[in-house]
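Have the model open beside you and try each task before reading its solution.

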Protein chains: 2
Amino acid sequence: MQSWVGQGVDQIDTPALVIDLDAMERNLARMAAFARACQMRLRPHAKTHKSAELALLQMAQGAVGVCVQKIDEALALAQGGVGNIYITNEVIDPVKLARLAKAVHRGGTRFAMAVDNELGIERLLDALTEARATETSAIDVFVEMDIGHGRCGVESPEQALLLAQLIQQKPTLRFAGLQAYHGAAQHLRSTAERDATMANSAARVQATVNTLQGAGVNVPLITGAGTGSFVREAGSGLWGELQAGSYLFMDADYAANESDPDAPPFEHALFVKSQVMSRSNAHAVCDAGHKSHAIDSGLPKVAHPPGLRYANGGDEHGVLHPHEANAPPPPLGSAVWLIPGHCDPTVNLHDAYVGVRGGLFQGRVERIIAIDARGALT
Amino acid sequence: MQSWVGQGVDQIDTPALVIDLDAMERNLARMAAFARACQMRLRPHAKTHKSAELALLQMAQGAVGVCVQKIDEALALAQGGVGNIYITNEVIDPVKLARLAKAVHRGGTRFAMAVDNELGIERLLDALTEARATETSAIDVFVEMDIGHGRCGVESPEQALLLAQLIQQKPTLRFAGLQAYHGAAQHLRSTAERDATMANSAARVQATVNTLQGAGVNVPLITGAGTGSFVREAGSGLWGELQAGSYLFMDADYAANESDPDAPPFEHALFVKSQVMSRSNAHAVCDAGHKSHAIDSGLPKVAHPPGLRYANGGDEHGVLHPHEANAPPPPLGSAVWLIPGHCDPTVNLHDAYVGVRGGLFQGRVERIIAIDARGALT
């Protein structure tokens, strides 16, 4: 990538991952205002943007910290100065836990993580002991419960109680509450489906809270929610913290959801700029394929020029078909702006964002934003 | 990634991109022997592996050079000592062509590229002129023809002739022949479909050769072919150079093709090692989702342990279901070896390969192989 501060948008080398900073900042402010109005803690998921600079921007607007999925994401963001990071995922591997424990012991960043089994708790404890962590360098531990996704998390209130009690017995672990996130619910298209699914999830959370409280275990916090569901968690009276991440950028998949009337009007703020490098009378070919944007949740939409459909051209190409028969495809060398199908894995394909101020057509590059945790898989 | 030379396979941090070096070297030798036996030039596509070390290994076994798709891939491999690189793709952007022209002028690596329109030729020439390239630092130019894929390439023999003649008029460009590759044909499942499609492609190539020769234009070489079709190009009497790349690793998608009786028996040599980090009575969850492997051509297959189906668990998870009802899922912390659905974009998600000698169960890490052109999109 050959982009620099001050460059006009027309000069940005392609394919490039471009943030419309004005649109992103509006999304950022809208979510911050929503959380404040609901008196909810906001802890955006940084698996979306993987950037310390963007995490710090979210925290400057009131977010209590960020979430990540992997220990090496956490370490990359901590390195970039992020002071409060929650790994919303289970880790069993002693090698990974040792890296985390070292960082916990070093201090500077407050870490939390999720567990859904006894082995995870025992190994975390062993790693902290090995790193000579003390009570003052303790780590917050959430018990993850499966609230309907069928992926990770304990399946019964009794299992949650057992793990919470186990955590409470350990001096270097703090029982911080319940992790309750339904990934699949984010992408249910109709608001009615999302309502029904999250009502069921809330009933599961309530039953688990009842079991823990009945056994004398206080539940300090319930944390979860994504960009597709968060208005429900916010209105539930159960969840106290929202983890939505994609609101910052939005993508073609989230835009395909029926909008929640109570949700702020988030805008597309993340684009892949590409250009036409081959052309016939019927179609054009641009230089962005699925090494430039993830297609797990569908192909990108063409934001500009209008009237084009993006068809899969493989790893390095996109084939652009005009909607209207006999309409000429865009000319060789012209820019094509794509809205990725799914922002999180698209971001993971790039080393940096090109941050543009003043819009995609007349703007200039204001800053290059590092994607610190790109490729942090472990 | 925390892997090092000498480590046992059981210690490799997960998820990791692992090469079974023994299997890869057998694939390498089999393709080299096939090309020698057919008296074909072999120029493997390095868009698959993106690694200078692997390119040099292919060339040490007789490959004339490698192919790439992007100028920055070419520059990354040239930097790694690869002396002969063909960009099998159109480039229109003067900024990119200037980078290539500088490298052409610098010498050390012989470059070639493809064109399918006059503007590409003019701009390449301008870039070479600007870099003060001389006849001795000339570049080989292939005219790409569309042989049925419907993506890039000229659509008629007359267009091919026009471009060939234009190239021949320019002192710093050498007309090197025709680029004739059918991407979509690689993944037709039955040998009969691939036979019929490539017979049609061969007829188009023959017609174009006839037109060029009829106008007094010699066609030095026809280059193309992939891992799904190459026995046909090799037997055609037209193509002189094979560009197959995936044979080195194979993937689940190529393995789903009906085998060509004349093709060497390529083995799976590329794996994602993951581990179980959550588990219920019915399923296990491993730590490799589609940020670890590309799913554009289908989900990964489970190479080991046997009896498991991989279901999509999102960006960071895979859900493992036993084939047999009531069979216990694999234990927490146990290794799960995946065969990626599509090797090329999977490689592009990782910074390095972990090269294992002695098999996936008892082997040791022999070397870490850099993926030099990871993320080289422009």
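Predicted model: local features only at pLDDT ≥ 70, side-chain atom pairs only at ≥ 80, totals over all residues.

Residues are numbered from 1 along each chain as its sequence is written, chains are lettered from A in the order in which they are written, and side-chain values use heavy atoms, with hydrogens and water left out.

**Exercise 1.** Find out whether Ser280(A) is buried or exposed.

Solution. Start with the place: Ser280(A) sits in the loop between β10 (270–279) and β11 (284–286) of chain A; strands are DSSP runs of E, at least two residues long, numbered from the N terminus. Next, recall that buried means under 20% relative accessible area and exposed over 50%, with partly exposed in between (1.4 Å probe, protein chains only). Ser280(A) has 9% relative accessibility, so this residue counts as buried.

**Exercise 2.** Work out how chain A is related to chain B.

Solution. Superpose the copies by least squares on the C-alpha atoms of residues with pLDDT of at least 70 in both.

**Exercise 3.** Name the residue of chain A that forms a salt bridge with Arg374(B).

Solution. Look for a side-chain nitrogen of Lys or Arg within 4 Å of a carboxyl oxygen of Asp or Glu. The partner is Asp351(A), with the closest N and O atoms 2.9 Å apart. Across the interface of chain A and chain B, the rule finds six salt bridges.

Notes
Helix = DSSP H or I, 4+ residues; strand = E, 2+ residues; numbered from the N terminus.
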